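Hello,

Here is the structure I promised to pass along. Have a look at it first, and then read on for what turned up.

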Amino acid sequence: PQKTSFHRSQTLGYKNGFAFSRLPTVGIGGERLYVNQLSQAELDELSNMRPTLTYGQAKQALPSGFVPAHVAFDKKILKFDAYFQEDVPLSAEEHYRIRQVGIYYYLEDDSMSVIEPVVKNSGIRQGKLIRRHRVPKNDHGDHYHWKDLNRGMNITMYGRTYRIVDCDPFTQVFLESQGIELNPPEKMVFDPYTELRRMPMHKYITPSDFDQLKQFLTYDKQVLRFYAMWDDTNSMFGENRPYVIHYYLADDTVEVREVYKQNDGRDPFPILIKRQRLPKTFVDKKKTFPSCVLEISDQEVLEWYTAKDFAVGKSTTLLGRSFFIYDCDEFTRNFYRDKFGITDFQPVEIKQKPLEEVPQVVPPYNGFGILEDSLQNCFSLFPKPPRKDVIKMLENDHKVLRYQAALESPNPEDRKRRFILSYFLSDDMISIYEPPVRNSGIIGGKYLGKTKVAKPGSTPENVTYYEPSDLTIGSTIEVFGHRFVITDADEYVLNYMESNAASFPAAALQSLRDHFRPRQVVKETANSDIPMHGTSKQELDELIGQVQEELKLHKYLNNKNIRETFLQCDKGGSGILDKAEFLSLCNSLSVPTNTILLNKLIDFCSCGEDKINYHDFLRAFPS
């Protein structure tokens with residue numbers, strides 16, 4: 001244990017380029033070596049020995065040279081053929097796999113390696129399975145030695161058991177020279193799945209009476225060509241399309257190719273039906289037999305298409321499509337003339353069917369946008385705006401007819417709502433605006449945007465819009481399901497209709513004149529200097545002042561309420577009320593009409609026998 005030096009003496013040297021060996025003088029760590037040295041007694045004995053006269057001097061054998069193991073066993077390797085079994089849990093075709101390996105034992109340093117020959121496209125990581133090193137034999141620190149290896153035995157390295165079946169001749173000679181009795185060799189076990197893959201596939205070919213080879217050698221590169229039409233006009237977007245049918249005499253196959261024209265708008269797919277044998281008559285089967293999932297073979301077909309099934313002027317059904325053959329080429333004519341004796345090959349003239357004119361059906365109007373603008377979507381994918389009357393737009397620019405309308409509704413709250421209906425003469429559009437009223441509970445503002453309004457009963461083919469002649473006092477207008485009654489109009493409406501009387505009915509013009517006559521009378525009366533009933537305006541003002549002084553005694557009167565009541569009763573806004581209605585309103589408002597001054601004021605405000613201008617009367621009730 002106290003030894004610290006483990007140096008080994010050098011026994012191999014070179015001199016003049018030649019290797020030579022020498023005996024070591026000291027042992028490991030510089031200790032004295034007694035093996036290769038002679039003692040002093042032995043040296044003295046040898047010096048005193050004399051050769052015997054009988055036998056002469058004895059010949060001594062030269063001492064054998066010391067050869068180290070890495071020189072004696074350099075490049076000497078023992079090779080054993082072995083295999084191991086590997087489980088395959090996730091495969092339905094194989095449950096285990098046999099993998100052949102080679103076990104190499106290097107004599108110079110007692111190391112071992114395991115190498116598996118690489119198989120191309122095996123999908124398994126092969127090659128060096130165990131690198132070269134001293135392989136442990138057990139848990140006690142022992143390593144495998146060449147004495148532990150033999151044929152017909154199992155050896156376990158790192159949890160994997162290898163079966164040694166044979167070895168090479170050098171290994172056999174070496175082990176026998178060392179006195180080891182070798183077991184008889186075994187046959188190498190091969191992988192069953194790999195052997196199955198190497199076996200040729202079984203092909204069951206029934207000998208045929210027909211010599212197909214003779215047909216191929218006779219008719220090779222001979223093709224019959226027919227020109228046909230497929231009439232698909234009965235289906236949607238169908239048409240007559242030309243095709244070329246090729247019949248190959250070498251193997252009785254048929255091919256259908258499409259014919260393309262320049263700028264026909266079709267994708268270049270040259271083949272409609274690829275080259276194959278086409279069935280003509282099928283075997284009768286039960287309806288429940290799943291023939292759609294099986295490949296067509298001779299067992300399912302009674303008769304295949306042959307050359308005699310094609311003729312000019314006849315229709316042929318190929319895979320559900322009916323092709324009408326109208327012509328063929330010169331080689332096809334000669335073949336049918338020589339083979340079948342047919343001489344009639346008159347081509348058939350194909351007449352194009354005239355296209356049926358499909359009437360354009362305009363869909364019903366959906367209510368979005370202007371009808372003329374929406375109708376353009378039915379005529380083109382890129383609709384253009386409808387043409388406008390530019391002269392009319394320039395002549396009537398900024399000309400608007402305004403009317404007052406009431407909503408006709410069963411709801412009492414909606415009956416009190418008032419709207420301003422504007423008619424634009426430049427483009428015949430209508431807009432409706434509701435003036436906001438405080439504390440009414442209804443948000444006023446724009447009720448209808450600027451748009452054209454069609455009359456009830458209009459159709460997209462014959463649409464009629466509201467015109468200025470349709471907007472008269474008392475007329476009802478239906479706007480998208482809402483009915484409005486015109487109750488008043490702007491004075492500009494009357495002036496415009498009178499200046500263009502030829503464009504309006506006489507009844508419509510007369511209705512507006514009758515509606516505005518009371519207002520004109522009031523204006524003429526208010527603006528004239530002629531005294532009413534022999535009384536001047538100055539006397540009327542004095543009378544109103546006297547009435548106001550008298551009404552100061554009646555403090556219970558609400559002047560604001562009186563003015564609002566009179567304005568609400570005058571729906572037309574003319575400022576004229578019937579005398580009976582006027583007196584009833586005064587009684588309901590507790591106005592003292594029995595006084596002398598008020599009676600005199602009522603007489604001043606009278607317009608005729610039964611009409612009263614309440615505007616002058618309300619001057620006595622300042623708000």
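Cys328 is buried, at 3% relative accessibility, whereas Cys378 is partly exposed, with a relative accessible area of 30%. Please bear in mind that this is a predicted model. In case you were wondering about cysteine pairs, a search of the whole structure turns up 0 disulfides.

Next, the nonpolar core. The largest one has 28 residues, and Tyr403 and Ile432 have the most contacts inside it. Several elements supply at least two residues each to this core, among them strand 17 (400-408), strand 19 (429-434) and helix 11 (506-527). Ile432 itself is in contact with Phe419, Ile420, Leu421, Lys446, Tyr447, Leu448, Val479 and Phe484, leaving aside its neighbours within four places in sequence. As general background, nonpolar side chains in soluble globular proteins tend to be buried together.

Strand 10 is mostly covered, with 8 of its 9 residues buried. On one side of the pairing, strand 9 (residues 223-231) runs antiparallel to strand 10 and is joined to it by 9 bridges; here Trp230 stands opposite Arg241. Strand 11 (residues 253-258) is also antiparallel to strand 10, with 6 bridges, and Tyr248 faces Thr253 there. Strands 10 and 11 form a hairpin with 4 residues between them, and Asp252 in the turn has a positive phi of about 60°.

Beyond four places in sequence, Asn240 touches Met229, Trp230, Asp231, Asp232, Thr233 and Gln352.

Best wishes

Technical notes: Residues are numbered from 1 along each chain as its sequence is written. This is a predicted model: local features need pLDDT of at least 70, side-chain atom pairs count only at pLDDT 80 or more; totals for chains, interfaces and linings use all residues. Side-chain values use heavy atoms; hydrogens and water are left out. Contact means heavy atoms within 4.5 Å. A disulfide is a pair of cysteine sulfur atoms within 2.5 Å. Buried means under 20% relative accessible area, exposed over 50%, partly exposed in between (1.4 Å probe, protein chains only). A nonpolar core is a set of buried Ala, Val, Leu, Ile, Met, Phe, Trp, Tyr and Cys residues joined through side-chain atoms within 4.5 Å. Two strands pair if DSSP finds at least two bridges between them.
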